[in-house]
Amino acid sequence: MVSLGALAGFALPAYADEPLLGYTMGAETLPAGASDAELWITHHGDKRRGDYARQSVRFEYEYGLTDRLTLAAYLNGYRHDYDCGAAGCAGSVSEPEILGSKNGFQASGPSLELKKMLLSPYADPIGLALYGELTYDRIDDITGEKGHGWELENKLILQKPMLDDQLFWLANIELEAESWKPEDGDTEYAVAPRLRSGLSYRVASNWYLGLEGWADLEILNPPDGSWEFDHWDFFAGPSVHYGAQHWWATLAATPQLAGSDESDDDSTGRHLADHEKYEVRLKVGYNF
């Protein structure tokens with residue numbers, strides 16, 4: 001039975017593949033021949049000590065190869081503004097991390113993405129998609145130091161519309177594998193499984209309010225050691241999405257609620273070496 005919301009068209013996003021949440025992806029893809037351009041700006045704020053902030057910037061162009069397969073290319077960059085001194089902004093007192101200071105923007109590298117929708121959220125009992133993204137970085141996103149890194153991110157994406165297509169549940173099961181070689185050092189490797197999930201509810205015409213969260217852990221293989229558990233963390237927070245006829249915008253704010261503390265005294269109950277106390281993400285897109 002077709003829902004009233006689907007018949008009226010008022011409960012659905014204006015375009016397929018609109019991000020109802022800031023971090024958790026939906027299973028829809030662009031129609032064949034359609035395209036969009038997106039700008040992502042993510043602010044990462046505060047670590048354990050000192051004054052630390054950075055912004056991750058991504059510009060994306062996405063194209064629908066078929067009704068169920070999209071291809072996207074990104075350009076990535078980072079702006080760092082921190083003053084950590086000799087004590088470091090993170091880590092224990094005996095082994096400080098992120099030393100010194102930095103202020104400026106640096107372009108980092110490209111990403112290439114493929115997304116394949118296997119089941120439609122509206123034609124099938126649940127939406128299902130596969131996602132893969134390959135990234136090359138020449139800038140360390142945390143410190144701003146130069147080097148060479150590769151990252152492969154894979155996702156299994158689930159999406160379920162409910163309440164006559166007015167409430168949406170989304171979930172991503174992710175596995176990320178990466179390498180990083182600083183200019184004056186050896187290569188380290190990491191593997192990070194992650195689970196994201198969230199709900200988005202239509203509160204007015206074109207407006208959606210959401211709540212999402214994610215938990216991940218990282219297993220690290222440093223240059224001078226073997227594979228070992230490094231950390232875990234948990235983020236959660238609200239989001240708001242607006243979709244107009246040809247453009248859309250999504251804003252999400254997610255504090256870190258818990259994590260494995262890398263300090264000597266476990267003073268915060270959060271992991272503040274690889275992550276920050278909070279993130280705020282703005283995504284703006286235009287559909288062609």
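Strands, as I use the word here, are DSSP runs of E with at least two residues, and they are numbered from the N terminus. I am working with a predicted model, where local features need pLDDT of at least 70, side-chain atom pairs count only at pLDDT 80 or more, and totals for chains, interfaces and linings use all residues. Residues are numbered from 1 along each chain as its sequence is written, and side-chain values use heavy atoms, leaving out hydrogens and water.

**Entry: a lysine.** I found Lys-283 in strand β14, residues 278–287. Is Lys-283 buried or exposed? Lys-283 is buried (under 20% relative accessible area with a 1.4 Å probe, protein chains only). I looked for a salt bridge (a side-chain nitrogen of Lys or Arg within 4 Å of a carboxyl oxygen of Asp or Glu), but Lys-283 has none. The nearest side chain of opposite charge is Glu-38, 5.0 Å away. Beyond neighbours within four places in sequence, the contacts of Lys-283 (heavy atoms within 4.5 Å) include Glu-38, Trp-40 and Trp-248.

**Entry: the disulfide.** I counted one disulfide (a pair of cysteine sulfur atoms within 2.5 Å). Cys-84 and Cys-89 form it, with sulfurs 2.0 Å apart. I noted the link as left-handed, at -95° about the S-S bond. Cys-84 counts as buried because its relative accessibility is 6%, and Cys-89 is buried at 0%.

**Entry: strand pairing.** I see β3 (residues 69–85) and β6 (residues 100–119) running antiparallel, joined by 16 bridges; pairing takes at least two DSSP bridges. Arg-79 stands opposite Phe-105 in β6. β6 also pairs with β7 (residues 127–139), antiparallel over eight bridges, and Met-117 has Ala-129 in β7 as its bridge partner.

Terms used
Buried < 20%, exposed > 50% of the residue type's maximum accessible area, 1.4 Å probe, protein only. Helix = DSSP H or I, 4+ residues; strand = E, 2+ residues; numbered from the N terminus. Lys, Arg positive; Asp, Glu negative; His and termini not counted.
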